[in-house]
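Thanks for passing this one along. Here are my notes, point by point, to read with the structure open.

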Amino acid sequence: MSTHQIAHAAGAVASGAGWEEALDGALTATGESVQGADLVLVFASAAFAPDFEDILGRVRELTAAGVIAGCSGQGVIGTGREIEDRPAVAVLGVTMPGGVVRAAHVTRERVEACATAGDWHALTGLTPDQAHAWLILADPFRTDIDALLAGLALAYPGAPLIGGMASGDPRVQRTHVFLGERAFDQGAVLIAIGGAYTIRTVVAQGAAPIGETWTITGAEQNWITSIGGRPPMEVLTETFQALSPEMQERARTNLLVGLAIDEYRTEFRRGDFLIRNLLGSQRDSGALAVGDVPRIGQTVQFQVRDARAADDDLHELLADARRDLGGVAPLAALLCSCNGRGVGLFGAPDHDARAVAGDLGPVPLAGFFCNGEIGPVGGRTYVHGFTASIGLIVPVAE
């Protein structure tokens with residue numbers, strides 16, 4: 001628990017030919033805000049993999065932070081800036097008076113050994129009243145992320161879960177997660193936020209709905225076999241043909257499906273659907289394969305994902321967050337952006353980081369480009385793709 005009297009934070013990213021230059025640049029930009037911080041998040045490009053523990057040791061030496069955590073990234077992010085094309089290090093230091101920050105590294109085996117909520121409490125050392133929210137940074141190759149998310153949801157009901165899957169050199173199935181002065185090539189780092197602070201999540205899936213909502217009337221495994229009693233491909237074709245020529249052009253290679261989280265809602269809007277890829281179709285039956293397990297009775301709506309839809313989605317959800325927070329400014333933010341976003345999607349750098357700054361003000365921020373983004377939609381936490389998952393550290397409402 002912090003003994004500081006004033007809440008403050010600073011986040012920055014810097015590039016360098018060597019890790020020392022990059023880290024020193026980031027730390028210099030954050031100034032004294034990282035000194036003695038309750039939490040310092042560190043994100044480093046995969047090019048520095050041989051030096052990760054040297055980086056963490058230097059951060060410990062220079063900051064004396066309570067908790068140091070982070071992971072590797074294909075690209076890394078600081079306040080208002082994203083670096084994708086060259087080696088870099090990002091740092092975020094957060095001091096939370098009255099806050100509690102606890103962290104643990106868990107392996108696949110430890111996760112699989114947890115059968116009850118009590119097992120999870122023993123694993124993390126925290127009871128539900130001590131952990132208001134969790135930041136999660138996980139290796140995508142040797143972590144059972146579904147079991148991890150299910151276990152945390154069981155043990156800490158209602159606690160927001162937000163984060164991302166570490167990334168690295170796309171040619172190698174190896175990433176790293178950081179805790180203290182150690183860099184682990186498997187498992188996950190769990191960071192609990194408690195006491196006077198919690199996390200407000202923003203999960204922008206980057207899609208816009210098209211056409212109308214339908215009810216799934218036939219489903220088998222990951223196949224939708226009937227929509228409204230009709231072949232799904234027929235409904236999709238009809239939906240596409242009803243679009244304007246401009247929207248048809250946008251949707252031609254960017255079609256997805258949205259599966260409603262709660263089919264009992266009377267109205268559906270952005271954020272009510274879990275967005276999943278269309279994986280294929282059956283010519284004879286007209287069935288559609290999707291990247292999830294659809295249910296009979298579930299509401300479905302087709303979606304389009306492109307730069308414009310992703311931009312609109314993020315700004316709309318950030319506006320919702322600003323409205324929900326009233327006059328309370330977030331103390332800091334973690335930004336986990338899909339490695340399919342960035343320059344590749346938007347055609348220009350810094351999109352997501354600048355959106356946060358533009359819509360929420362100069363919030364100190366750090367993050368990375370992910371192999372999968374973690375965040376809640378409709379009250380349940382999922383692993384997403386092409387998403388910006390943002391965790392805003394905010395005071396607990398009185």
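Predicted model: local features only at pLDDT ≥ 70, side-chain atom pairs only at ≥ 80, totals over all residues.

1. Residues are numbered from 1 along each chain as its sequence is written, and side-chain values use heavy atoms, with hydrogens and water left out.

2. L39 also belongs to the largest nonpolar core, which has 42 residues; L39, F43, M96 and I191 have the most contacts inside it. Such a core is a set of buried Ala, Val, Leu, Ile, Met, Phe, Trp, Tyr and Cys residues joined through side-chain atoms within 4.5 Å. Buried means under 20% relative accessible area, exposed over 50%, and partly exposed in between (1.4 Å probe, protein chains only). Strand β6 (residues 88-95) supplies the largest share of this core, four residues; strands (E, at least two residues) and helices (H or I, at least four) are DSSP runs numbered from the N terminus.

3. What does F43 pair with? Its partner is F368, in a stacked aromatic pair with 5.2 Å centre to centre and 20° between the planes. (Rings of Phe, Tyr and Trp, the last by its six-membered ring, pair if their centres lie within 6.5 Å; planes under 30 degrees apart are stacked, over 60 edge-to-face, and the rest tilted.) F43 sits in strand β2 (residues 39-45) and F368 in strand β22 (residues 365-370), so the pair ties together parts that are 325 residues apart in sequence. Both F43 and F368 are buried.

4. Next, have a look at two helices: the axes of α8 (residues 307-325) and α10 (residues 351-360) come within 10 Å and cross at roughly 35°. Axes are lines fitted to C-alpha atoms, for helices over the stretch in contact, with angles from 0 to 180 degrees between N-to-C directions. From α8 the contact uses D311, L314, H315, L318 and R322, and from α10 H351, D352, A355, V356, D359 and L360.

5. Finally, P330 lies in the loop between α8 and β21 (332-338). P330 is buried, with a relative accessible area of 9%, and touches L325, L360, V363, L392, I393 and V394, not counting residues up to four places away in sequence.

How values were computed:
Contact = heavy atoms within 4.5 Å.
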